Amino acid sequence: FVDKWQAVLQSSSSRLKTECGLRTVNVLVTQAPKAPRTFSFNYCEDYAEDPIRRDMRTSFPYLLELSRLRVNYDLERLPTFASNAQLWLASEKRDTEVPLSRPRTQSLFLRAISHSDLTVPGVPEKIMLILMDSIDSGLVNPKVSPSASSNIFLHVLPELTASAADVVNLLRSTIEDLVVKYAERLIRLRVENIELRTRLQLTDASGNTSTKPVRFWTSPASTESSFWQTDVYVESINPVTGVTEDFIPFESVEGTTLSQLSVPYSKSGPQQMKRTAARRVGSTYAYDLLSLFQVSAITAWKESSDPSSMPMKARLVSSKEMVLNEENELDLVDRPAGLNNIGMVGWLVTLRTPEYPSGRELVLIANDVTFQAGSFGVKEDEFFFKASEFARARGIPRIYVACNSGARIGLIESLKGLIHAAFKDENNPSLGFEYLYLTEQDFSSLPEGTVNARRVETNLADGSVEVRYALDDIIGQTHGIGVENLRGSGLIAGETSLAYDEIFTLSFATGRTVGIGAYLVRLGQRVIQQQDGPIILTGYQALNKLLGREVYTSLNQLGGPEIMLPNGVSHELVRNDQEGVNSIVKWLSFVPKDIHSVSPATTSLDPVDRDIEFTPPKGAYDVREMLAGRVESDGKITSGFFDAGSFKEYLADWGKSVVVGRARLGGIPMGVIAVETRTGDRRIPADPGNAESREIIEPQAGQVWFPDSAYKTAQAIQDFGRGEKLPIMIFANWRGFSGGTRDMFGEILKFGAMIVDALRTYKQPVFVYLPPNGELRGGAWVVVDPTINERMMEMYADKQSRGGILEPPGICEVKFRKNDQIKMMHRLDAELIALDKELAGDVSEEQLQKLRAAVTKRENTLLPIYLQIAHEFADLHDRSGRMLAKGVVRDVLDWKRAREYFYWRVKRRLCEFELRKQMSNADESLSWEGMSQYLHDLVGDEVWNNDKMFLSWSKDNASTFESKLKQIRLESIKNTISSLTADLSEEEKQKIRAQLG
């Protein structure tokens with residue numbers, strides 16, 4: 001059919017062009033009941049049929065600007081459900097002038113038209129969702145590469161008649177808000193630009209109004225200024241051809257031809273190629289990370305208590321790139337993205353968040369996986385070390401985004417074509433060889449020091465003597481291909497371990513991280529893992545070779561989330577890189593801006609003085625509901641202990657009998673440790689490398705410390721203290737440690753002792769609280785008792801809590817046995833008392849037997865109730881009143897009011913610590929006890945024992961305290977001078993006084 005029509009039209013092409021002036025012939029073919037088909041024949045192609053325009057309305061190719069695609073791309077139309085949209089798979093055309101071309105990249109181009117008014121609220125978002133759904137349907141097409149990028153073009157047909165400036169500002173703001181809102185999905189869809197074309201009424205300098213096309217171009221920016229940057233241009237149209245000739249910036253008066261908007265769409269540039277390479281391993285191009293932080297900062301402000309106070313978006317994130325200079329020192333510079341010449345990049349970032357509106361600094365270090373697969377060479381190790389050292393020197397957080405292939409490996413490529421093998425039998429190489437060697441000529445041509453070799457003179461078969469240089473060592477002139485990289489790896493491993501001790505460290509594993517990269521992640525302790533970012537020591541192919549068979553089929557089997565979350569290496573799992581950066585910013589919200597500051601408190605919208613509505617029941621329950629509240633079936637929210645929406649759990653898949661996380665109490669950030677009361681399971685996967693191994697599922701009872709959960713508790717305490725400086729709230733509800741054979745072998749004693757070690761050295765307030773219907777028994781009490789660190793720890797008990805060595809049934813088995821219960825029966829029960837009197841009288845043997853039988857029967861009848869009495873008696877020893885009387889708890893609290901109590905107590909303790917810090921700075925010789933006594937005497941008993949009054953005093957008497965500090969400082973100086981001059985003569989002292997003036 002096409003050939004027939006094409007032949008007819010081409011036979012009359014000259015007449016059609018000259019006499020008729022036909023630019024396009026469209027042929028509509030009916031095929032009922034199916035939709036008709038359309039074929040287009042264009043005069044510019046001598047009326048040959050254009051396959052791209054086939055089966056589309058005649059205006060569509062122009063409205064969708066398809067001609068911009070075909071010059072540099074081979075196109076294939078993909079099915080899509082949207083009626084006014086087309087989806088094109090574009091593969092870059094090969095460059096015929098280049099003999100070795102790069103791999104052909106793919107892009108999805110979604111072209112759509114709309115008849116909707118974008119100024120109507122909700123309409124742009126609805127259209128955006130339809131467009132993203134269309135791309136989603138295309139990405140699952142097997143023809144589309146997993147690394148293909150996506151592009152969106154929307155042509156809005158209705159003319160927008162409102163003020164052009166107002167419409168531009170509205171649409172620009174709407175686009176940017178939608179991009180932020182759907183940032184995670186846009187990243188997953190790999191969208192690289194969004195084009196919007198519409199028509200506006202514009203007024204020129206003479207006051208003449210005309211309708212002109214206006215184009216919005218939104219694309220990623222590899223800077224910190226914005227996630228995506230939106231530019232607006234007015235199109236200058238040729239009045240005869242209707243073709244756009246120029247693009248004029250909306251805010252400008254002079255036309256500027258812009259290559260990015262010109263016809264045709266250009267091929268992928270260096271930045272796009274690097275983005276594609278990063279996507280291929282499941283990660284984000286390193287220079288795009290800053291824009292992800294921009295989105296996260298905007299999201300944090302929108303979710304804050306005061307979104308209206310958010311600074312300008314362009315000021316939320318600013319940065320200086322770190323670069324090693326010729327002296328191997330760090331310089332802070334501004335330079336375009338992608339100019340790095342090593343596989344490691346870093347920035348000094350200033351992030352403005354609700355906790356620090358004026359900005360907080362952090363060091364961001366990232367592997368550039370597009371540079372030699374992100375491997376660690378000598379230069380990369382030196383850069384990492386210097387950047388981490390820089391963070392420690394400033395005392396600011398260090399964030400590491402890991403995506404690498406481990407230590408860099410290599411060989412001296414120039415020697416591959418020069419080496420020879422000295423075979424034992426030249427005619428039979430299978431017998432092996434004696435050594436590798438270089439000829440005398442090749443050896444002489446090498447720079448000195450390239451190899452270590454010994455001279456060997458060999459008699460050849462023809463009787464001649466050949467001089468050979470047998471290779472002992474290959475050294476080469478290239479630095480950074482072998483053991484020197486391992487030495488650098490050791491350097492940065494030690495640096496990371498030190499950084500965890502001194503500052504806040506956090507790692508985000510994305511794509512993959514291998515070898516030294518995996519160790520760096522673990523040494524930094526806090527880890528966020530992307531679901532496609534395995535953390536491994538070596539690749540599965542290498543293990544298969546070691547095992548001699550195909551056992552492992554993916555990296556996730558070795559270090560994916562199914563491995564690294566249950567074993568406690570990874571603290572949190574995220575689906576994509578934007579979600580990962582969101583988690584980084586969320587974690588930073590609990591962290592002080594530097595090691596010299598306190599944790600950032602914020603304004604809480606959740607009243608401090610409200611009651612706690614959720615009350616822990618006596619049976620098993622979800623302890624997270626106690627901490628964060630819960631949503632009831634009718635939609636009503638039952639509040640928990642901490643501020644609504646502030647609790648964030650970490651390490652959720654490891655040591656499940658303990659729950660750890662971070663939360664806010666009246667805006668004050670706190671570390672949280674609580675106890676799971678429900679029975680759970682610990683899963684140990686089978687090892688594919690061992691045919692005999694099987695998956696093991698171990699049940700774990702609630703309210704019990706097991707080896708993994710004890711280790712988790714100690715790890716959490718260390719994390720809360722190092723770099724985060726968080727006060728801790730421990731909801732102590734443990735019945736004890738699991739002491740069975742398996743768990744004793746599993747080092748439960750070691751990990752339990754680690755809890756004591758962590759608490760003993762903790763330098764922030766720790767509050768241990770026995771919650772309602774909770775209990776703390778035996779060894780579990782011992783490892784959280786305040787005497788471990790009396791300066792920092794306090795213990796409290798709820799009125800309905802219990803504490804003791806054994807539970808009542810257990811202690812009754814030892815201290816209130818059956819005989820004791822029977823004695824009580826005979827003392828209290830009237831019937832037994834009467835029977836005892838009869839037995840004491842003069843009775844016959846027959847009556848004696850009857851009485852004894854009656855006594856036994858009565859005892860058995862009463863035994864169950866007296867067992868309960870015994871348990872109640874034992875339970876009375878474990879109640880909060882006795883704990884308070886014995887001084888093992890500081891106070892007994894009512895659960896509903898505990899939130900307000902602890903808010904003031906935490907605030908007072910932090911204030912008290914700050915006053916102590918100032919006193920210690922004034923006189924380092926002051927002891928803790930001495931400072932306590934000084935403050936106590938200064939404020940008096942009443943104020944010292946009342947948290948609210950103490951806080952009011954510290955606020956109202958700041959100037960008074962400052963004058964006291966001056967006195968302390970002066971006395972300290974006097975004492976220091978007196979101590980230094982104690983052994984000097986009076987004459988020498990006079991000379992010093994004279995020199996001091």
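View 1. Helix H5 (123-139), strand E7 (149-160), helix H6 (164-181) and strand E8 (191-203) each give at least two residues to the lining of the largest cavity. Helices (H or I, at least four residues) and strands (E, at least two) are DSSP runs, numbered from the N terminus. The model is predicted: local features need pLDDT of at least 70, side-chain atom pairs count only at pLDDT 80 or more, and totals for chains, interfaces and linings use all residues. Residues are numbered from 1 along each chain as its sequence is written, and side-chain values use heavy atoms, with hydrogens and water left out.

H6 supplies the largest share of this lining, five residues. The whole lining has 15 residues; Met128, Leu154, Ile175, Leu178 and Leu196 lie nearest the centre of the cavity. By type, the lining residues are 13 nonpolar, one polar and one charged. Ala, Val, Leu, Ile, Met, Phe, Trp, Tyr, Cys and Pro count as nonpolar, Asp, Glu, Lys and Arg as charged, and the others, Gly among them, as polar.

The volume of this cavity is about 210 Å³. The structure has three cavities of 30 Å³ or more. On a 1 Å grid over the protein atoms alone, a cavity is a set of points where a 1.4 Å probe fits but cannot get out; a pocket is an open set with protein on both sides within 12 Å along at least five of seven lines; lining residues have an atom within 4 Å of a point. Grid points are joined across faces, edges and corners, and a volume is the space filled by probe spheres set on the points.

**View 2. The largest pocket.** This pocket has a volume of about 1200 Å³. Its lining counts 38 residues, with Gly721, Lys725, Lys763, Gln764 and Phe913 nearest its centre. Helix H29 (895-922) is among the elements that supply at least two lining residues each. H29 gives the most, 11 residues. The lining divides into 18 nonpolar, 10 polar and 10 charged residues.

**View 3. Thr510 in its loop.** Thr510 sits between strand E21 (505-509) and strand E22 (513-514). Thr510 counts as buried because its relative accessibility is 1% (buried means under 20% relative accessible area, exposed over 50%, partly exposed in between; 1.4 Å probe, protein chains only). Leaving out residues up to four places away in sequence, Thr510 touches residues including Gly282, Val401, Cys403 and Asp577 (contact means heavy atoms within 4.5 Å).
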